[in-house]
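Hi,

Here is the structure I said I would pass on.

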Amino acid sequence: MKDSFDVVVVGSGAGGGVVAGELAQRGRDVLLLETGPHLTAADFTRWEAKATHDMWWPLRLAPDSLGGMVAFLAGRCVGGTTTINTKVALRAHERDVAKWHGESGLTTAAGVPFTRADLDPYYDRVERALGVRERTDWTKSVETMAKGFAALDAELEPVTAYTDVNCMRCGSCLQGCPTNAGKSTQNTYIHEAWARGLLDLRPESTVERVLVDGGEATGVEYVDAAGTSHTVRAGAVVVACGALNTPQLLIRSGVEGEGIGRNLGLHPVRLVYGLFDEPQDAHMVYPITAHCMKHQHDEDGGYVLEATTIQDPISFATTLCDENGPLWGQPLVDAVKRFRYWNGILAMVNDENSATVSVGDDGAERFDVAFNERERKRLEDAFAFSRDVLLAAGAKQVLWTGLASTHVQGSCRMGDDPARSAVDRNGEVHGVKRLFVGDSAVIPRTLSVNPSLTIMALATRLADHLHADPSGYLA
Amino acid sequence: MTPAPALRTLDERRAGALEALCELIVPGSSRVGPVVYIDAAIAGMPPGMQAAALGTIDALAPAAEQGADALAGQAATPEFGFVRALVLEAYYSDFVAPGKEGPGAWTEIDFNSPLATRLAKDWSYMGIRSRRLDGGDQGAQASALPTPERE
């Protein structure tokens, strides 16, 4: 088996999948390693239990300092979370990007603060590659919710998404799109290169460490599905395992740096559900069809609401809470029996990157979460507004979930100041040549919208940098 | 009638305690045999987690024996949270164990997506061999399949 490449990319999600595909299409010799399986649309069914087993990271939880737990949810398969997400494609607001310079001193090559305009050319390319379009094909459940927003002088607007016209609005997004209407890095960037023999894709391959010698990355060691260890060498290594895993891999590889594992942002979410008299069938939709941006900025509340959504039966039942805590017994059974009558809002809250990722002396991963007062206020306000919308829309009962995070960002943030960042403006780890981070971990401050489009834009930018090869790493 | 499968991790005492917990957490759930699913789930856990899972059942068994009021006193404990999650996964996965007539939870809650209702569920990924029987019974038959590891 080939063991030497121009670039080895670790992780195939929104970051790694784009970097690997972009470089392979341009003739670079690329190995893409993914710890999860390579499943495609032919494997995807509306079977929550099996999809969770096959394609999701085992559930990880962290105490949230509010007396509850935050659940971390992510994909573990070729395409990463892009294979099992809802495909919402939003550019970061310029005010969100403007915060990055303040957080980490991030500037452009010209030495001026990094702005949204520096990302726009990359957004353009990603949107073309994924076929981003506006979703105006609202179902009844979205129309129900729109009335609630309007009653509170707020507007529900269509989202843009990387889903094409083959979308059946079947609600299966979280188990993988069975029609390939939902675009992921798997059925776009990766497959376009892999199917033509341009990309070496090795699924079920878990990287144990990055090899570093004399301050330079030289390759990686990984274990395949049979338990066999392999060493591969590369001119550059791109770590893109997601903001929870990337800092762990760097730490386990002996890479040190002030910013590694710090400044983790959660962009925490809570689902708030309302029970209606008529069936809503919120499980038979494109699950995030619309959003309300009225409170997007911190000074306006600091949260974005998305609608409509309801989790599939296991997740729905398991996460249902009321003021007494998680439901169980007859109240739970009675609530879930009305599955088709529930309609839901996803409340996403701005946070300030106050969490951390670390590795204990016993080798175990550890996540520390402590929301500050401002973050708590936003969580409370987002929940209260969501509940008010549901009641205004006609809901007779409101239930909710605990907190979850599907948008982790910023645990190896990008910046000019090594004291406040882990990687430089090009994604190269401070103090270690040829080692790059290519995922959401580089985002210096959590976005107020779904981050996948921005992760892909940043990954496209990284691919351009690697291909230009200003340091001669790939020569 | 398909015979009930042999359990792999639960002895008779623990299986009885778990069945009582299932009925308290999801009244009516014993009709689908959630204990078979949970036994398979525990068998797939790493050894350390297996021991912890069995310990949670032991910790809640006395309260389960006394009924819902006693179990309510345990509702805020991590042990209850863990067992609750297992029971709800077992039931709302739509699992129906061999020898149980069902119907499964998806019928009860009218989870009617065409993609979901067309499924012939094969539980072998959990170490449970499934077979689709005449009349739409999606019962599962335990087998000697290798136990899959779950992190």
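Below is what I found, starting with conventions and then going through the two chains.

This is a predicted model, so I kept local features to pLDDT of at least 70 and side-chain atom pairs to pLDDT 80 or more, while totals for chains, interfaces and linings use all residues. Residues are numbered from 1 along each chain as its sequence is written, with chains lettered from A and ligands numbered from 1 in the order in which they are written.

First, the place where the chains meet. For the classes, Ala, Val, Leu, Ile, Met, Phe, Trp, Tyr, Cys and Pro are nonpolar, Asp, Glu, Lys and Arg are charged, and the others, Gly among them, are polar.

α2(A) is worth a click. Its buried residues include Glu48(A), Ala49(A), Ala51(A), Thr52(A) and Met55(A), where buried means 20 or more other C-beta atoms within 10 Å of the residue's own, exposed 12 or fewer, and partly exposed in between, again with C-beta atoms placed from the backbone. Their cover includes α8 of chain A together with α5 (78-92) of chain B.

Next, α11(A). Of its 17 residues, 13 are buried. Just after the helix, Asp469(A) has a positive phi of about 55°.

α11(A) also packs against α1(A), residues 16-25: the axes come within 8 Å and cross at roughly 40°. Axes here are lines fitted to C-alpha atoms, for helices over the stretch in contact, with angles from 0 to 180 degrees between N-to-C directions. The pair is therefore oblique; under 35 degrees counts as roughly parallel, over 145 as roughly antiparallel, 65 to 115 as roughly perpendicular and the rest as oblique. The residues of this contact come to eight nonpolar, two polar and one charged.

Gly242(A) sits in the loop between β11 (229-239) and α7 (246-252) of chain A. How many other C-beta atoms lie within 10 Å of Gly242(A)? There are 28, so Gly242(A) is buried. Its C-alpha is 8.8 Å from that of Gly80(A), 162 residues apart along the chain.

Chain B has seven helices and two strands, in the order α-α-α-α-α-α-α-β-β from the N terminus. Buried residues make up 40% of its 151 residues. Within it, α1(B) (residues 12-25) and α5(B) have axes that come within 10 Å and cross at roughly 80°, which means they are roughly perpendicular. Leu21(B), Cys22(B) and Ile25(B) of α1(B) meet Val83(B), Arg84(B) and Val87(B) of α5(B).

Cheers

Notes:
Helices (H or I, at least four residues) and strands (E, at least two) are DSSP runs, numbered from the N terminus. Two residues are in contact if their C-beta atoms, placed from the backbone, lie within 7 Å.
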